[in-house]
Structures are given as structure tokens and as C-alpha cells.
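Visitor: Hi, could you walk me through this one? I'm new to it.
Guide: Happy to, let's take a look together.

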Amino acid sequence: MTSLFHSAAEEYGGQCVRTTLAAYLNDHVLPLLYARLREPVHQDLLSATAQLTLLLATMSADSGHDRTAQHYHTVAARLAADADDSATLAIVLRAMATHAYDLGHYSPAVLNLADQATAHARHAAPAVQVYTQAHLAVVQAHYDRHAALTALARAESLDSQAESTPGPFATYPLAALHYQRARALTALGDPAGAIRALNTSLRLRTPAQHRATALTQAHLAETHLRLGHLDQAVLHWQAFLTAYPTLQSTRATHHLRTLCKQLRPHQRYRQAAALLTEATL
């Protein structure tokens, strides 16, 4: 069920399956948590429930329900701690830091969350360590350039050791690592490097990663326009707009608003004007 819900959110965004997952947790999973089960089975159930709850938190954030997402993040962290599952706890803490960062926060408290995630992942599988180190680099980029680049290098080194194990909590796609690299380079003031990383990320995306592909296209468009590359920006905005109607994602909607804001000063340019018209229909 974890893989099923994760795949649906990756393809269409969190909003379309959020209520279904909440109902599944309430109707099918919670009664099991209160059942009298042997301790190893109960611990495994706590870990699985923590992962499903984290998915629900991510879907809530993607749907614009930020307070609800924070609540579910906290519940997921408690479940992982009760299960003595340091790997899942590391993933939850990283997700909490990511959510805060996506809302525009990179305070010392957010940096501490990212640090704690890497600490709990210290003895986890390489894929989990890559996941935590990659976002630590993004937050560190606002504080210490050397520390950020060190975390990026560590993530890339660990990625070479990671096994390709199926499952949303067992693997970390290389495309996602390059996306985080782009975010770190953007924060470090290297938009050209960010574009190279985003192009690599886009090239590595699979058809199943429909939402992530669209968001990468939007990020590429915004970065190109920041450098004055209007033609390239229009090209990537068009790809984003083509994918947008199939998504139910607040992040995608935010990028749509950014598209309109950034292209409005260029509306005398025929391709930009056509995109603006399409975006506002």
C-alpha cells in the first residue's frame, strides 16, 4: 500500500489521493496498532505506519494544508521513534526540514532538523544517507559554502554505494539527487551550475515521475529566465504547461503563478504571449 500511494502521488500530485490514504490509515491501520500483536510484529507495524503517515504529511503539504502536514510529520516521527526505526526517523526529519524550506524557511532551527536527519541516518542504508545529505547541502548553502559543497560531495559518494532496492523508502533516485544539487547551487549563487544539474535531473526522470518532471521543467524555466535566456525559458514553461492539467499539486500551482508573473514583462514576445494566454485559460 505504501508503494501504491507513493506512486499515485508521484504521478498526479498529493491532492488526489490524500483523503483515500487518510481513510485507509483510520479504517485499516489504526485498529491493527491497538491489536495485541507480538513485539517484533508490532514494531514492524509501527514502522510501516510511520512511513504511510509521512506520505500523508507529504501529500498534505503538496495540497497546501501546511498545518496538517506539520501534524502528520510529528505523528510519523513519534511512530518511528516508538518503533526504534532510526532510518525512518531520519527520513521523517529530512521531510520536515524540506517542508519548512519549501515554505521559505532556512533558519537555524531548519538547519538543525537537517543535521538531526543526517545524524539518525548515520547507520542507515546508503540511499537514506544520500537523501539526508542532499538536503543538508541545500540548507547549508545559506550558511556555509564549504559545508554545503562537502555535503553534496558526500551525497554523491554515498550514491555510488547505494543498492537499487525497490520501494519508496529504500531507494533515492539519482534524478532527485541532481535536483537537490541544483537547489543548493541556486542558493550558492551559481545558476549556470544549477541549470546543468537540472538538465541532468530531467534526463534521468522516468515516465512514472510525472509530477517531479513537471516541477523540474518549471525550475529550469525560472532559472533560465533569471539569466535572460527567454527562448529556453519559454521552451521549458511550455513543457510544464502541457503537464499541468493532469496534476493536483499546490507546488505546481505556485509555479504556474510564477510563470505568469515572470512572463508578463515579456508579453510583447509572441511565444511568451501565447504561453500567458494558455496559462490563464
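**A first look around**

Guide: Cys 260 is buried, at a relative accessible area of 10% (buried is under 20%, exposed over 50%, partly exposed in between, with a 1.4 Å probe and protein chains only). This is a predicted model, where local features need pLDDT of at least 70, side-chain atom pairs count only at pLDDT 80 or more, and totals for chains, interfaces and linings use all residues. Residues are numbered from 1 along each chain as its sequence is written, and side-chain values use heavy atoms, leaving out hydrogens and water.

Visitor: And Cys 16, is that buried or partly exposed?
Guide: Cys 16 is partly exposed, with 27% relative accessible area.

Visitor: How many disulfides are there?
Guide: The count is 0 disulfides, taking a disulfide as a pair of cysteine sulfur atoms within 2.5 Å.

Visitor: New topic: where do helix α1 and helix α11 come within 4 Å?
Guide: The axes of α1 (residues 2–12) and α11 (residues 210–226) come that close, within 4 Å, and cross at roughly 35°. Helices here are DSSP runs (H or I, at least four residues), numbered from the N terminus. Axes are lines fitted to C-alpha atoms over the stretch in contact, with angles from 0 to 180 degrees between N-to-C directions.

Visitor: Which residues make the contact?
Guide: From α1, Ala 9, Glu 10 and Glu 11; from α11, His 210, Arg 211 and Ala 212. Contact means heavy atoms within 4.5 Å.

Visitor: And by class, what does that contact have?
Guide: The contact of α1 with α11 has 2 nonpolar, 1 polar and 3 charged residues. Ala, Val, Leu, Ile, Met, Phe, Trp, Tyr, Cys and Pro count as nonpolar, Asp, Glu, Lys and Arg as charged, and the others, Gly among them, as polar.

Terms used:
Helix = DSSP H or I, 4+ residues; strand = E, 2+ residues; numbered from the N terminus.
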